[in-house]
Structures are given as structure tokens and as C-alpha cells.
Amino acid sequence: MIEYIKGELTDLTPAQATVEAAGVGYALNISLNTFSAIQGKKEVKLYVYEAIREDAHVLYGFVNKKEREMFLLLITVNGVGANTARMMLSGISVSELCNAISTGNARLIQSIKGIGKMTAQRIIVDLRDKIVALGIAEEIPAGGQMAAPVNNQVKDEAVSALTMLGFSPAPTQKVVLQILQAQPDLPVEQVVKLALKQIK
């Protein structure tokens with residue numbers, strides 16, 4: 001089981017990344033979200049899912065664990081294969097997909113190429129409880145409604161800064177999200193200062 005591959009990004013297209021690690025070039029199928037996140041980088045770390053079939057051994061790469069977790073959940077749904085799951089993660093972000101599932105927004109899920117009405121409804125029914133249980137949908141309150149959208153760049157920078165200061169990422173992200181939902185226009189440094197007072 002390969003957990004992740006870290007190395008030099010030697011080739012990149014919107015559908016595939018080639019990462020060289022220890023002299024071996026690994027071709028990984030990626031989503032557009034991952035493509036956007038690693039574009040222009042020389043060194044990358046991609047979390048891996050291995051699809052081992054009789055006729056092929058295919059690697060899928062993800063920019064973070066959340067995207068991989070969402071992918072793994074999607075392929076448990078009857079009628080959703082690995083390529084369909086990758087298409088879904090290329091069409092919308094993980095948080096948008098979580099929001100659509102938790103609020104029962106079948107129309108948004110159907111807007112992704114290759115997803116019909118029945119599949120969209122099956123995804124919602126099968127995954128609604130699982131995304132909350134796994135913590136992928138931690139940005140979504142228990143009521144199922146998405147809170148005010150937050151500036152993801154500010155959120156990510158604040159969480160990164162606090163993690164570097166030694167705080168655990170999961171509770172840190174929760175606190176940062178609460179701050180940004182209450183005060184969406186705060187700059188990173190203010191968010192960090194407020195979070196430092198609140199993190200237990």
C-alpha cells in the first residue's frame with residue numbers, strides 16, 4: 001500500500017502528474033483540483049490510491065487526504081467508478097461536493113458530466129452521514145446548511161501558521177473557520193491572533 005509519493009514533478013497535464021521519486025517516475029491520475037494546486041511546483045507530495053485490476057495497475061494522486069477520502073467514499077457508491085469520481089472532483093471542490101451532499105442538492109451533483117439523476121440521489125443517500133462521520137464535512141454545521149462562505153486562502157494560511165506553531169490541524173481548522181464565518185474580512189494575522197486566544 002502506497003500512502004503518498006513525494007518527489008520532483010517531471011510532467012503535468014490536467015489529467016495526469018508524473019512524479020519522480022528515488023529514480024522511479026510514477027504516473028498518477030489526478031483531478032483538476034489537484035492539477036490547479038500543484039501547477040508550477042517543482043517538488044510535490046501526492047496522496048495515493050492504488051487501483052489494482054487484472055489488466056492494469058493504476059495510481060490516483062490527490063493533493064491532500066480530504067480529496068482522497070472523498071474519492072474513496074464516492075467509489076463505494078453503486079454506479080460510481082474511479083474515473084467518474086475523478087470527474088466529480090474535477091468539476092467541483094471537495095467542500096462544494098460535501099455541501100451538495102449534506103444539503104441534498106442533487107441538481108449541483110447532476111451538473112457534473114456523466115452524473116445522472118439516479119446516481120446523484122444515490123450519492124446523497126449513501127454518503128450524507130459518512131462525510132460528517134469522517135470529518136470531511138467539518139465546515140458544515142450539524143443542521144446541514146452551509147455557513148457563510150469563507151476565504152479559503154486566508155483559512156489555509158492561518159491553519160498553516162498555527163500548525164507550524166505546534167497546534168494540531170483539526171481543532172485549529174475548526175476555530176479558524178468559526179472566526180472567518182463570524183468575520184469573513186479579517187486578514188490572516190488577525191485570524192491567527194484570535195485563534196491563539198481560543199485554541200484549547
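## Strands E4 and E5

Strand E4 and strand E5 (residues 57–62) run antiparallel and are joined by six bridges. Here two strands count as paired if DSSP finds at least two bridges between them. The helices and strands themselves are DSSP runs numbered from the N terminus: a helix is H or I with at least four residues, and a strand is E with at least two. Tyr-49 has Tyr-60 in E5 as its bridge partner. Between E4 and E5 lies a hairpin of four residues.

This is a predicted model, in which local features need pLDDT of at least 70 and side-chain atom pairs count only at pLDDT 80 or more, while totals for chains, interfaces and linings use all residues. Residues are numbered from 1 along each chain as its sequence is written, and side-chain values use heavy atoms, with hydrogens and water left out.

## The other strand pairs

E4 (residues 43–52) also pairs with strand E1 (residues 4–12), in the antiparallel sense and over five bridges. In this pair, Lys-6 stands opposite Lys-45 of E4.

Strand E2 (residues 16–21) pairs with strand E3 (residues 24–29), antiparallel, over six bridges. Glu-20 is opposite Gly-25 in E3. The hairpin of E2 and E3 has two residues between the strands. Ala-22 counts as exposed because its relative accessibility is 88%; the cut-offs are under 20% relative accessible area for buried, over 50% for exposed, and partly exposed in between, with a 1.4 Å probe and protein chains only.

## Helix H4 and Ile-101

Helix H4 covers residues 94–103, and its buried residues are Val-94, Leu-97, Cys-98, Ala-100, Ile-101 and Ser-102. An α-helix has 3.6 residues a turn, so residues three or four places apart point the same way. After H4 comes Gly-104, which has a positive phi near 70 degrees.

Ile-101 is found in H4 and is buried, with a relative accessible area of 0%. Leaving aside neighbours within four places in sequence, Ile-101 is in contact with Met-70, Ile-109, Ile-123, Ile-124, Leu-127, Arg-128 and Ile-131. Contact means heavy atoms within 4.5 Å. Gln-121 is 20 residues from Ile-101 along the chain, and the C-alpha atoms of these two residues are separated by 8.9 Å.

Thr-172 lies in helix H8 (residues 169–182). Thr-172 counts as buried because its relative accessibility is 0%. Not counting residues up to four places away in sequence, Thr-172 touches Val-159, Leu-162, Phe-167 and Ile-199.

Gln-198 is placed in helix H9 (residues 188–198). With 34% relative accessibility, Gln-198 counts as partly exposed. Gln-198 touches Val-175 and Ile-179, again not counting residues up to four places away in sequence. From Gln-198 to Thr-172 there are 26 residues in sequence and 9.3 Å in space, C-alpha to C-alpha.

## The chain as a whole

The chain has nine helices and five strands. Of its 200 residues, 40% count as buried. Residues 24 or more positions apart account for 51% of the contacts that have a separation of 6 or more.

Taken along the principal axes, the C-alpha atoms fill a box of roughly 55 × 45 × 25 Å.

## Surface and charge

The chain exposes about 11,000 Å², and carbon and sulfur atoms supply 52% of that area. Accessible areas come from the Shrake-Rupley method with a 1.4 Å probe; for residues, only the protein chains shown count as cover.

There are 20 positive and 19 negative side chains, and the centres of the two sets lie 6 Å apart. Lys and Arg count as positive and Asp and Glu as negative, while His and the chain ends are not counted. The place of a charge is taken as NZ of Lys, CZ of Arg, CG of Asp or CD of Glu.
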